[in-house]
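Here is a friendly walk through a protein model with more than a single chain to look at. Keep the picture open beside you as you read.

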Amino acid sequence: MLLEELSNAFGPPGCEDEVRRVLARHLRGKVDDLSTDALGNLIAFKRGTGPEPRLKVMVDAHSDEVGLMIISIQKNGLLGFRAVGGLGERMLLAKRVVVGEKRIPGVILAPPIHLAKEEDLERVIKIEQLAIDIGASNEEEAKGLVKLGDYAVPSTRFEILSEDGLRTVKGKAFDDRAGCAVAAALADGQYAVDLYLSFSAQEEVGMRGARVAAYRIAPDLAFALEGTVCNDLPKKEDSSPTSKLGKGPAITIMDHSFIADKRLVRLLVDAAEANGIPYQFKQPGIGATDSGVIHLSRTGVPSVTVAVPCRYIHNPVSILSLNDFDNTVALMKAALRRIE
Amino acid sequence: MDIVGLLKRLTEADGVSGYEHQVRAIVQESFGCFADRTYVDTLGNVVAVKRGTGPDPRPAVMLAAHMDEIGLIVRELEDGFIHFEQVGGYDDRVLPGQEVVVHGRRTLTGVIGVPPPHILPRAERDKPFPCDKLLVDVGLPPEEVSRLVRVGDLITMKGDLIELKGGLVAGKALDDRASVAAVAVCLEELSRLHHTWDVYAVATVQEEVTYGGAITGTYGIKPQIGIALDVTFARQPGVPDDTTFELGKGPTINYGPNFHPKLSDGLVEAAKALEMAWQMEPSPRPGGTDAYAIQISHEGIPAALVSIPVRNMHTPVETAAIKDIERAGRLVAAFISRLDDNSMAKLAWDLGLE
């Protein structure tokens, strides 16, 4: 499964090489052109079957994931780090990670509960106080294995949780390898329009890749594919789940970064209803996606975001439903076929 | 002995206090191959007996390393999600983002996930998530979760043993399976050494909750002396220097009210004879290990404690140095081989009388 390979791949912002390689291997032969640019975007082009002039449709999915960067190598051989993107410090204690190009295994230290004072337990341990232990006993040994600026990501592996029903899987980086896998699946289809699949770098640090990709492609309209927040756990207080697992692709009407193009929302809804594909609207107001920069490219690009609901994004491990995933692929294929 | 291989099997098996059966099977095999006789007692301790060469009746030394681990237990099901309670005590702060195994009618992989920071109000971002707000998600619909999982089912951390650089390993349940592995090393070493005393090597149950295995095990064996093997705190950021010990610089030999000082001295002498690295651990506060239970069995039994330094104790990434585990096993074996007819007399308290 491509999603499995993408989820397991190492790809924090600015270091998406492994993700690019997995995608390039998968897309070769299925598209008319594959290219990269200065930021590390991978752009696949599939020529349309309609008469010229054809519309240019950009389908974006970001290739990066939230991660960590080594910022100090201490005398005792431990590695100090900071987050690259929104990986919260409250979910980092006592986690397994892999560090750097050599993929050195390490663990994030957590002081034993026995030695903690009562008031410490009420306090979040700040990222400045956390360190990765790779087993190096001093600075010199650590420097032989890791250098400043190396990245680290959780070493979480992909796994199927249920084969039937919701068909849930767990893994890391579903935000946005789920989107990447949906976009890659679109390369199998034939469309009237010219299709540009942009696997954009550095979304998690401010949607950097999509901005220049959109400029280069100069699309007539754009779709951003995401793995989005799905906070549908039982809660005492009445608050929105953002999206619900198993209820189909989540279409964004508005988030922190943009207001979706109404015509594209309509196109998606019509495509879903005509084909019996379940869909939901994402709770407006939360999050930001590559559409935020794409819709402002050049003189403006009509844009919309479609997402696979993922529980626990920005955690070391997330859960999604393959039903939602398949329905997102089906919806996107149906929508693209409706564009002439 | 392939210590990493054995430790991998031991730690990847799941055995919360009272439910140690998976671990027991591995211990029976790994102790059994060096023992004259292996049996399981009423509470579930594994006892491996290795006879000494002295004349009958021979004195006996008991070794105790606990094979239970801390975990979680299902408290309530709600819409297919699992509320849980602690069995033994993780710091709540290590739980978000952790993968777990739910031991229901079948074994289920689960996730303890939390909302990403950017969707929470700012005021909520600076506090730890309390245990009673955390849920296990097994990715199944509510009706299936109700069918497969019941209140009281156990939950363990999912954690393969991984090898770090410098001969370190990280995983769950090194507290105290690292010591179980050290006891296996000890038994192997004893098969090469001469020892006159009988050795009862015990992998105990329920240390993390009541010391129940050590209490009943010691009563049943009634040894002349008892040595517990457990883990101790290794130095790491955020912990005080004076109550922690260097990782990889040898096992600690403990001094304090739980231990007979002359037994501790005997362990130090054995370490010196081996020219082995060891560390002195002052242990002012009683409790926390099987030695606590051994010492007050029957009319009182001289007890000692050898500890293996471990980082991140009571987390799924407990980290130990393989050479400390190996040293602990060799140290205890050397100590046992030095026991003779006079050893008990040497433990007598000097009353200062002529």
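Which residue is the bridge partner of B:Tyr39 in E2(B)? The partner is B:Val47. Before going further, please note that this is a predicted model, in which local features need pLDDT of at least 70, side-chain atom pairs count only at pLDDT 80 or more, and totals for chains, interfaces and linings use all residues. Residues are numbered from 1 along each chain as its sequence is written, while chains are lettered from A and ligands numbered from 1 in the order in which they are written.

Strands here are DSSP runs of E with at least two residues, helices are runs of H or I with at least four, and both are numbered from the N terminus. Two strands pair if DSSP finds at least two bridges between them.

In chain B, eight strands make an open sheet with mixed pairing, in the order E1-E2-E11-E3-E12-E15-E13-E14. Its edges are strand E1 (37–40) and strand E14 (279–282) of chain B, each of which pairs on one side only. On average, neighbouring strands of this sheet are turned by 25° against each other, direction ignored.

Contact means that the C-beta atoms of two residues, placed from the backbone, lie within 7 Å. Axes are lines fitted to C-alpha atoms, for helices over the stretch in contact, and angles run from 0 to 180 degrees between N-to-C directions.

| Helix of chain B | Strands of chain B touched | Angle between directions |
|---|---|---|
| H2 (residues 21–32) | E1, E2 and E11 (198–204) | about 5° with E2(B) |
| H8 (residues 322–337) | E3 (60–66), E11, E12 (225–233) and E15 (303–310) | about 165° with E15(B) |

E9(B) and E10(B) are joined by two bridges, and B:Glu163 stands opposite B:Val169 in E10(B).

**Domains of chain B**

Domain bounds come from an automatic or database domain assignment. Chain B is divided into domain 1 (3–69 + 172–346) and domain 2 (71–157). Their C-alpha centres lie 33 Å apart. Where the two domains meet, domain 1 of chain B gives 11 residues and domain 2 of chain B gives 13.

**Where the chains meet**

How many residues does each chain bring to the contact? Chain B brings 52 residues and chain A brings 56. On the side of chain B, strand E7 (107–112) and strand E10 (168–171) are the elements that give two or more residues.

**Chain A as a whole**

Chain A holds eight helices and 17 strands. Its domain assignment gives domain 1 (2–65 + 172–337) and domain 2 (67–154), with C-alpha centres 31 Å apart. Along its principal axes, the C-alpha trace of chain A spans about 70 × 45 × 40 Å.

The radius of gyration is taken over C-alpha atoms, and the globule rule is 2.2 Å times the number of residues to the power 0.38. For 340 residues a compact globule would have a radius near 20 Å, so the 21 Å of chain A agrees. Of these 340 residues, 56% are buried, meaning that 20 or more other C-beta atoms, placed from the backbone, lie within 10 Å of the residue's own.

Notes:
A residue is buried if 20 or more other C-beta atoms lie within 10 Å of its own, exposed if 12 or fewer, and partly exposed in between; C-beta atoms are placed from the backbone.
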